[in-house]
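This briefing covers a sheet and the helices that go with it. Please have the sequence and the coordinates open.

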Amino acid sequence: MEGRPLLNRGLDGLGTTIFAEMSALALATGAINLGQGFPDTDGPESVREAAVRALRDGRGNQYPPGPGVPELRAAVADHQRRFYGLDFDPDTEVLVTAGATEAIAAAMLALLEPGDEVIAFEPFYDSYAACIAMAGAKRVPLTLHAPGFRPDLDALRAAVTRRTRVLLLNSPHNPTGMVLTPAELAAIAAIAVEHDLLVVTDEVYEHLVFDGAHTPLISLPGMRDRTVSISSAGKTFSFTGWKVGWVTGSQELVAAVRTTKQFLTYVASGPFQYAVAEALALPDTYYTAFRDDLRAKRDLLSAGLTDAGFTTYTPQGTYFITTDISALAPGTDAFTFCRALPAKCGVVAVPNSVFYDHPTAGRTQVRFAFCKKPEVLTDAADRLRKADFSG
């Protein structure tokens with residue numbers, strides 16, 4: 001074993017996720033945790049009771065079917081038709097996963113080989129880097145810049161090489177809150193078709209778009225047979241611990257992802273799958289009220305952060321607000337700022353620099369989650385406003 005590290009060298013530098021580190025810091029200090037993106041209230045009582053009912057009825061207590069329980073696969077297909085007019089065969093074109101995180105991992109491991117390149121927007125969710133590395137592929141970042149965080153489509157086109165295999169897209173985008181426009185989506189689709197690329201889309205915040213609308217890339221001309229579309233129940237129904245996600249796509253692509261997925265978790269979340277099937281059938285009023293509630297929380301925290309001296313970039317979607325600390329704490333980088341924040345004022349946030357391959361691009365950016373009770377957000381904003389960041 002001498003001369004070689006124990007950890008796969010492709011994962012060198014990843015270590016413990018920033019979410020685990022900052023959440024542990026919140027627990028240790030008793031600080032308000034606006035770092036990790038999980039709500040502080042559960043979702044609809046009817047959905048929770050559906051899970052309890054499944055447990056009591058013995059549905060899902062043993063291994064569920066590998067592709068997912070039929071009820072949930074049918075519900076996912078109904079959801080795609082209801083909201084986007086997309087038709088998927090629940091038996092061959094829908095796959096249930098252990099959250100979107102497993103779906104991304106399974107897609108990367110299924111579709112990539114060593115030497116392939118993956119273009120992804122940066123800042124990117126940290127699991128993207130890990131999954132690409134585990135597949136032996138190379139990530140090629142396309143940097144999104146403040147204040148708008150719009151993708152540079154000319155730069156995207158120039159980044160494509162003969163080794164490019166996959167575009168890994170996230171819209172609504174975590175952590176910036178950017179939502180791709182119809183024109184941007186059309187341009188990306190044209191690039192994918194021109195260069196015969198596969199596309200994996202992470203759409204877990206699809207129902208949390210506050211400005212504009214979410215359009216699945218798979219719905220555009222030429223994309224049906226080259227797109228792996230991923231979403232999950234956690235963010236939409238506020239049950240992030242249930243870990244129920246899904247993949248939709250062509251029969252061939254879903255079969256490829258399923259081949260890999262079966263050797264990861266095999267199956268997971270049996271009783272919760274039945275509950276999520278019922279959740280997806282909730283009326284439009286649920287989805288509208290949920291979105292409006294999060295929009296109000298976004299506006300509440302955004303105003304509080306601005307009052308506290310942060311440069312605030314209002315997100316179009318997601319759970320998160322990206323800020324810049326340059327004016328508030330000159331000369332301080334985001335990592336140092338976030339590690340000192342709990343002791344300084346009892347608030348936890350996440351440094352965006354960990355989501356970049358080019359950390360200087362996000363050196364002074366800090367992300368706050370607003371998926372919390374209004375009184376918690378108000379308390380956090382008050383603490384930040386009263387804090388002394390001069391030294």
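Which residues of helix 5 are buried? They are S127, Y128, A129, A130, C131, I132 and A133, where buried means under 20% relative accessible area with a 1.4 Å probe and protein chains only. The model is predicted: local features need pLDDT of at least 70, side-chain atom pairs count only at pLDDT 80 or more, and totals for chains, interfaces and linings use all residues. Residues are numbered from 1 along each chain as its sequence is written, and side-chain values use heavy atoms, without hydrogens and water.

**Helix 5**
- Helix 5 spans residues 126-134, and seven of its nine residues are buried; helices are DSSP runs of H or I with at least four residues, strands are E runs of at least two, and both are numbered from the N terminus.
- The cover over these buried residues includes helix 4, strand 3 (117-122), strand 4, strand 5 and strand 6, with contact meaning heavy atoms within 4.5 Å.

- Seven strands form an open sheet of mixed pairing in the order 2-8-7-6-5-3-4; two strands pair if DSSP finds at least two bridges between them.
- Strand 2 (94-97) and strand 4 (138-143) are the edges, each with a single partner strand, so one side of each lacks a neighbour in the sheet.
- From one strand to the next, the twist averages 20°, with axes fitted to C-alpha atoms and angles running from 0 to 180 degrees between N-to-C directions.
- Strand 7 (residues 227-232) pairs with strand 8 (residues 245-248) in the antiparallel sense over four bridges, and S232 has G245 in strand 8 as its bridge partner.

**Helix 4 on the sheet**
- Helix 4 (residues 99-111) packs on the sheet and touches strand 2, strand 5 (164-170), strand 6 (198-202), strand 7 and strand 8.
- The direction of helix 4 makes about 160° with that of strand 7.

Terms used
Buried < 20%, exposed > 50% of the residue type's maximum accessible area, 1.4 Å probe, protein only.
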